[in-house]
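Reader: I am new to reading protein models. May I ask you some questions about how the chains are arranged in this one?

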There are 2 protein chains.
Amino acid sequence: MHIEHMTAAQASAEIDALERDYTELGAKGLALDLTRGKPAGEQLDLASDLDGMLAGDYRAADGTDVRNYGGLVGLPEARALFGSLLGVPAEETLVGGNASLTLMYNVLDLAVNRGLRGADSAWRNSASMKFLCPVPGYDRHFTLCESLGIDMLPVPMLETGPDMDAVEALVDAHSDLRGIWCVPRFSNPTGCVYNDATVKRIAQLPNRASSDFIVMWDNAYAVHTLNEAAPELASIRTFCLDAGTLDHVFQFGSTSKITFAGAGVGYTASSVSNLAALQAHLGVQSISPDKVNQLRHVRLLPDRDAVIAHMASHRALLQPKFDAVLSGLEQGLGGRGMGTWTHPRGGYFVSFDSRPGLASGIVTLAADIGVKLTPAGATFPYGEDPSDCNIRLAPSYPSLQEVSETVTAFVVCVKLASLRQKLAQGATA
Amino acid sequence: MHIEHMTAAQASAEIDALERDYTELGAKGLALDLTRGKPAGEQLDLASDLDGMLAGDYRAADGTDVRNYGGLVGLPEARALFGSLLGVPAEETLVGGNASLTLMYNVLDLAVNRGLRGADSAWRNSASMKFLCPVPGYDRHFTLCESLGIDMLPVPMLETGPDMDAVEALVDAHSDLRGIWCVPRFSNPTGCVYNDATVKRIAQLPNRASSDFIVMWDNAYAVHTLNEAAPELASIRTFCLDAGTLDHVFQFGSTSKITFAGAGVGYTASSVSNLAALQAHLGVQSISPDKVNQLRHVRLLPDRDAVIAHMASHRALLQPKFDAVLSGLEQGLGGRGMGTWTHPRGGYFVSFDSRPGLASGIVTLAADIGVKLTPAGATFPYGEDPSDCNIRLAPSYPSLQEVSETVTAFVVCVKLASLRQKLAQGATA
């Protein structure tokens, strides 16, 4: 029965039953964890040929010995491969170390402290700097901003991507806005894919913003489909070429969820002049990235088609886990009015919204019976979800059995919190 | 004949002969390069088992699957191994990505912009910040300082390490001194090993300096001996424990010149509380280092003894090249008063000092006949060698034959520049 139609007596009776379920779950000594988007062991096995992939041949296609120093922008064949995943030419792609997050930090560190276009353009020369953060979003993006002293303005995420009317209004209102975070395909955590109109408006955004506005286009799940019919993402580069804004967009990606998490290859794409500035900044800190690992990756996955085929094997492992989450939620909460959730066709997350004010309580209830969830608020800047309703579910790492158990427990916690709130609100009404 | 004892006519006659030699060398179309401390291919071959080293077993000793996220401070066994190379316990060691330079940048970025001991301690809060740079020294250290806005004060390097009387006087005179660069064993480029008294005085330095003074102890050549009788380096950690200054020293090292250059493992060591601050800073930018490559290294070189044995193979390849440089210099310039040079017992460089005012000219003369040398001045902050005399020779990368050819050509350039200067000075005297 929908929670809005229940009487206090009905709610109270269901609470009694749920408390028994909850106590039983607590007695099981569960140790379940749905906190982070980590690949499972079986997914990592898909790339286990990586070590040994070179079979003693450490020469790149152009004869470069990848065991020696040099080549700050990455191996040519790695630039071509990862450029193809972002839909950009090799010369607009820089391949780095093991983490795209490190490249994001470097782009922002460069923009804030040294200036993308010379020292005079450093953001820290201005009294304030702000970034637009579609919410719910990715906590590590927010941490990067916070660490560099960039203030964050939340903006709502729709099924089509960020609410572009709101985005444009904020850009018009705040001359100190320096950029926007985007996870354009299978957004973290809602799973939405930005539609073409949104991509086009984002590509045009720098033309109405401050001259040093940048789009941080973290295409982390570019090829991470859960569904063969998953929507494609329009090319922001093509729209940028039309709008003359290529200097204002940095794209990112990594193989952390293609090959090995934290032992793969991160990459970025932007205009040739932006890459030159980034290269100079990276050149202060290192002589070159790990080209041996870049070559291993190109040997394992020589082209975009090979990557797409590889991702089908990931999908086969991930899809059942997402199905378990969605069917568990539907079965336990369908038609109850106790929450809404996304139905992603790719990426690593299901985004759940409880009734307002309940997310932290649900996370605590779950933790108390051994079910770890991403902390409530983590998907918002400064950890502050104004409605306290969003919870990110990450089902990739646990086994299918554990995912099912976790969802069962999660449903009990959601129901309990929702009905207790209803009773409490009735009492104070 | 010593240059000081030559008549103008003798000098002139020798110049004529040298100019013929120089023209002949130019006609050879040489393409020789002694610019950077890069390992040669045969050295890289010594570690070629690295790729494939894991034979499918991606589990660390504690069962960690190294293919997944986590472990910002590095694998326990990697911390133990690389700690042993620096002479510190595993818990005071952090193992990172492919470059110690990146760790140095992060330590300085943290100290300058965020503060090693909280935001109030950030160096950029003060009007000025300076670093002591023993000269000649390593150009990339100077670039790090310049990039972060740290002013540099040169201080002379002696055979025992930095001139500690000068260092202490500068520390006493400049309250805005924030640290000192040190390459304590087989210094870049002089090859000197800091003696025990110097190490002790450096460990005590933070007690007379500003409270946030740090020692950047880049022990890049800790195990890179060219000579079995090479002097050992005293433990700065032991002296720091006596002086209570462990919080003021960061040690660094990498396997770039042990296994693969730019595809090895970098590490740092400091007090547990400093590592915690560094870990927090690194955690903003990445989820974890490449633990797969760390595990490969531990499997290839399980302990300090294995590393020492491995370095003996490097020594066998490097020693003949250094011998060729030293015998070429001795044969061509011995007793001529046209320059002095170091006789390193380890490391990657021979440091050559010409007569004052000649280094840039010699480098240009050499370049014009196809012999690339490290740019004159590179071993000084801001590229400014006040005496214009220091040239760094890096014989590791070329073949033995090329090293000999290069030294022959170098000697001709040195003689030519020295004798031309003598004539010019005679003419103006």
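Reader: What rotation superposes chain B on chain A?

Author: In this predicted model, a rotation of 180° with 0.0 Å of shift along its axis places chain B on chain A, with an RMSD of 0.0 Å. The two copies are therefore related as by a two-fold rotation axis.

Reader: Which residue of chain B comes closest to the rotation axis?

Author: That residue is Gly52(B), whose C-alpha lies at 1.7 Å from the axis.

Reader: And how many residues are in contact between the chains?

Author: 52 residues of chain B are in contact with 52 residues of chain A. Of the interface residues of chain B, 100% are also interface residues in chain A, so the copies meet through the same surface.

Reader: How much area do they bury between them?

Author: Chain B and chain A bury about 4,100 Å², and 47% of this is on carbon and sulfur atoms. In chain B, the residues that lose the most area to chain A are Asp51(B), Arg67(B) and Tyr69(B), together 19% of what that side buries.

Reader: Changing topic, how many salt bridges are there across the interface?

Author: There are 4 salt bridges between chain B and chain A. In one salt bridge, the side chain of Arg296(B) meets that of Asp51(A) at 2.5 Å, N to O.

Reader: Which element gives the largest share of chain B's side?

Author: The largest share comes from α4(B), with 6 residues. The residues on that side of chain B divide into 22 nonpolar, 18 polar and 12 charged.

Methods. Residues numbered from 1 in each chain as written. Chains lettered and ligands numbered in written order. Predicted model: local features only at pLDDT ≥ 70, side-chain atom pairs only at ≥ 80, totals over all residues. Heavy atoms only, no water. Contact = heavy atoms within 4.5 Å. Buried area = accessible area lost by both parts, 1.4 Å probe. Helix = DSSP H or I, 4+ residues; strand = E, 2+ residues; numbered from the N terminus. Nonpolar A, V, L, I, M, F, W, Y, C, P; charged D, E, K, R; others polar. Least-squares fit on C-alpha atoms with pLDDT ≥ 70 in both.
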